[in-house]
Amino acid sequence: MTLIGQISDLHIAQPGRPAYGEIDTGYYLQATVDHLSGLNPPLDALVITGDLAHDGEPEAYSSLARILGRLKVPIFLVPGNHDRRSAMVADLSPYYPPGSGQEQDLAPYLCGGSTVGSARLIFFDGTREGFHGGGLAPQVAAWLKGALCAQPGVPTLVFTHHPPFLSGLEFMDEPYLDSGLLAEIMGAHQSALLCCGHLHRGLATVWAGGPAMVCPSLALNMELDFLPGGGNAFTVGAPAYVLHHLIGDTINTHFCQAPGSWPFDGPFGF
Ligand SMILES: [Fe+2]
């Protein structure tokens, strides 16, 4: 049995500044870290799928590092479109490069892999700094292809920030650059679970013939709106996270909330 936690889209702001002027995301993270620390059986690892900071501020990463330091399990990170790789790596170097390390020819992309219990975890960086949408750079594609082929038959979770598939939330559905190439790569490994963030909603789907999911945001829940321009407002409630529970070859994904008395509010505009 292996238990992998996933949290996403933390949007930690500078201390004293609420994200989007509405919400103290640092408080949500502290409460969730305290909750995850007390899980029994304990987590084997925690993965954070991007948008760690709200605006890539160095102070936000320092604050995040202090809070994560309370969680005594391996932690792995991938960047999102709100992150700045240089500031992120400066404060969170214990968690970077993830697993086996960043290879020089991948720079600036941060990719890696690790084996945790019975699970193989692969992290690839599909963030294009300065752009809201994601994409697969040629060197990342080549690396990912090799990483997936390295240990066939081992239960595998592939983590990245941007989903390469459409959500139906128009504001979030910018084209994913070279999604066709990513579909080809993932389509050759259809037992691997693709685990994303970015959408601020929990979602499960089938893409390129294999399973894929989106972890909700820890604190900012996207309003479900399939009308034109939808996907540009959020509500707040209980902190949300995901548990990937491996039982043999089966990977069960549980969508969870941290306990407590959490006020519901919104919607607010992004
Ligand atoms: Fe986000």
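Predicted model: local features only at pLDDT ≥ 70, side-chain atom pairs only at ≥ 80, totals over all residues.
Let's begin with a pair of strands. S2 covers residues 45-49, and S3 covers residues 75-78. The two strands pair in the parallel sense, with four bridges between them. To see how they line up, find Leu46, which stands opposite Ile75 in S3. On the way from S2 to S3 the chain passes through H2, and this β-α-β crossover is right-handed.

Now look along S3 itself. In a regular strand, side chains alternate between the two faces of the sheet. You can follow this pattern here: Ile75 and Leu77 point one way, while Phe76 and Val78 point the other way. Whichever way they point, all four of these residues are buried.

Next, step into the loop between strand S2 and helix H2, where you will find Asp51. Asp51 is buried, yet it has no salt bridge. The nearest side chain of opposite charge belongs to Arg84, and it is 7.8 Å away, whereas a salt bridge needs the charged atoms within 4 Å. What does the side chain of Asp51 reach instead? It reaches the backbone nitrogen of His82, at 2.8 Å. Beyond its sequence neighbours within four places, Asp51 is in contact with several residues, including Asp9, His11, His82, His161 and His200.

Finally, move along to Ala233, which lies in strand S11. Ala233 and Phe268 are 35 residues apart along the chain, but their C-alpha atoms are separated by 5.3 Å.

Terms used
Residues numbered from 1 in each chain as written. Heavy atoms only, no water. Buried < 20%, exposed > 50% of the residue type's maximum accessible area, 1.4 Å probe, protein only. Lys, Arg positive; Asp, Glu negative; His and termini not counted. Polar contact = N/O pair within 3.5 Å; in protein donor to acceptor, adjacent residues only side chain to side chain. Contact = heavy atoms within 4.5 Å. Pairing = 2+ DSSP bridges. Right-handed = clockwise from strand over helix to strand, strands pointing away.
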